[in-house]
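Dear colleague,

Please find the structure below, together with its sequence. My notes on what was found in it follow.

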Amino acid sequence: MTIHQSPEAFGYEAFLTAHQSKEVLRFIACGSVDDGKSTLIGRLLHDTKQIFDDQITALQRDSRKHGTQGAEVDLALLVDGLQAEREQGITIDVAYRFFSTDKRSFIVADTPGHEQYTRNMATGASTADVAVILVDARQGLTRQTRRHALLVSMLGIRRIVLAVNKMDLVGWSQDKFDAILAGFNTFTAAFGFAEVRAIPLSAKNGDNVVLPGTAATWYTGSPLLQYLEEVPVHEEAQAAPFRMAVQWVNRPNSEFRGFSGLIASGRVRPGDPVTVLPSGRSTAIARIVTADGELAEAVEGQSVTLVLADEVDASRGAVIAAQNAPMQVSDTLDTRLFWAAETELQPGATLLAKIGTVTVNATVSAIRTRIDPETGQPGPAERLAANDIADVTLTLDRAVAFDPYAENRDTGSLILIDRETTDTAALGLVQAPRPQGGKMAAPIPAATRPGGILAGLRRLFGG
Ligand SMILES: Nc1nc2c(ncn2[C@@H]2O[C@H](COP(=O)(O)OP(=O)(O)OP(=O)(O)O)[C@@H](O)[C@H]2O)c(=O)[nH]1
């Protein structure tokens, strides 16, 4: 088995082509060190018959050499593949695995549990539809479980599986399971998850992973795989208002001018009224062009070229949005940041902020509060260290279009980039617009925008 593939690496495209017709669910498996992520993913691959005989032979050999299970096959070795890692006994990178069933194809981000690798976990979570948060039934919730829950909520994952693993080691105690779930629900009450599905399982024995377990007679819910096969994906993003950030202006000749990009949310049809932001110019969709011809409708997740009804000036970084659900425009953003860099962040620091397809200079004007990862409660902070989560105000060198993250995961999130190293230094979500002192990009003529400037101002200033 190829290990430690990145999505761009060999295997990803081939996998997607082979399973093109099936819906793809991306999920992340996270939790503290030794909660059993590798064993769980190994179990998913094994019981869905993704492992070939030669791999089984290699696995049996490696299990004897490196495994923690004596003569038994150690499923964790299927995913903890690297030699160096085996010797250290830890997972050190994000590894993506692919498997598929009759119903769906799955891409799982396997992320390390160690606190110093929280950054890798955040990377894996940033594209996931569902998070499987593992808990060792003996340990209950740990600092790292809480931090991961906070992070996945920040990154817009709204469906959570609380996988209470190693239930075999606590005699499948329902009391233990209920107490862990109650603790998790209390901690995450304010996170806005759409669903927390708790499943008691034993990754090692295979109970409630692919096949239903028989040990917990009190559990009547589905095994993990069935949940992953049935959980709705894309529904919320497609129901959200239309947004597409312009990646490039497609102008092959003087006859044709289209705006190409990936539809971040919603759906669009020819004739739909749209607003181009941040300029605020209104027009309508004339045509939706793709490599396979023109479309009568396009939805979230599709890459298209939009031809507009009027000569509207839009360049890379502009956003085309549904006219009846305008975006906000400001040069000051209140954000919640996950600070991933090793260096400290202090007020006054300037970084690059990438929001949608636009990159601007962003200065930290205030670190308002730092979130305590133990309690989830905010407290004062003067500077941020690696892995801190904090509420930070950013001043941008020009106004950008955005949605509050609570309304749109794509148009409400940003990354901060170190200007010197070009490393991603932080992931952020936009909390609310800050119009005070901020300049609107351009006056928006009320006549060209139903709902008018009043509606926009109301959204900006509240009331
Ligand atoms: N009894 C029992 N042991 C388990 C279960 N799941 C995992 N284990 C054991 O717990 C240990 C840790 O499992 P891993 O799968 O390596 O844990 P991990 O979370 O991937 O750990 P890292 O890769 O280091 O982050 C191994 O010895 C597993 O065999 C389970 O359901 N029951």
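Leaving aside its neighbours within four places in sequence, Asp 418 is in contact with Leu 351, Asp 423 and Ala 425, where contact means heavy atoms within 4.5 Å. Before I continue, please note that this is a predicted model, in which local features need pLDDT of at least 70 and side-chain atom pairs count only at pLDDT 80 or more, while totals for chains, interfaces and linings use all residues. Residues are numbered from 1 along each chain as its sequence is written, and side-chain values use heavy atoms, with hydrogens and water left out.

Asp 418 is found in the loop between strand S22 (413-417) and strand S23 (424-433); strands (E, at least two residues) and helices (H or I, at least four) are DSSP runs, numbered from the N terminus. Asp 418 counts as partly exposed because its relative accessibility is 24%. On this scale, buried means under 20% relative accessible area, exposed means over 50%, and partly exposed lies in between (1.4 Å probe, protein chains only). The side chain of Asp 418 reaches the backbone nitrogen of Glu 420 at 2.8 Å, and a polar atom of that side chain lies 3.1 Å from the backbone nitrogen of Thr 421. Ala 349 is 69 residues from Asp 418 along the chain, with a separation of 9.9 Å between the two C-alpha atoms.

Strand S17 (residues 328-339) has eleven of its twelve residues buried. S17 pairs with strand S21 (residues 389-402) in the antiparallel sense, over ten bridges; two strands pair if DSSP finds at least two bridges between them. Within this pairing, Leu 337 has Ala 390 of S21 as its bridge partner.

Strand S4 (residues 130-136) is largely enclosed by the rest of the structure, because seven of its seven residues are buried. Val 130, Val 132, Leu 134 and Asp 136 point one way from S4, whereas Ala 131, Ile 133 and Val 135 point the other way. In a regular strand the side chains alternate between the two faces of the sheet. S4 pairs in the parallel sense with strand S1 (residues 23-31) over five bridges, and Ile 28 stands opposite Ala 131. S4 and S5 also run parallel, joined by seven bridges, and here Ala 131 stands opposite Ile 160. From S4 the chain crosses through helix H7 (residues 143-154) to S5 in a right-handed β-α-β crossover; right-handed means that, with the strands pointing away from the viewer, the path from the first strand over the helix to the second runs clockwise.

Arg 159 is found in S5 (residues 159-165) and counts as buried because its relative accessibility is 15%. The contacts of Arg 159 beyond four places in sequence include Asp 129, Tyr 227 and Glu 236. The side chain of Arg 159 also makes a polar contact with that of Glu 195, at 3.1 Å. A polar contact is a pair of N or O atoms within 3.5 Å; within protein, one must be able to donate a hydrogen and the other to accept it, and residues adjacent in sequence count only if both atoms are side-chain atoms.

Finally, the largest nonpolar core has 67 residues, of which Phe 27, Val 132, Leu 224 and Leu 228 touch the most other members. Such a core is a set of buried Ala, Val, Leu, Ile, Met, Phe, Trp, Tyr and Cys residues joined through side-chain atoms within 4.5 Å. S4 contributes the largest share of this core, six residues.

Yours sincerely
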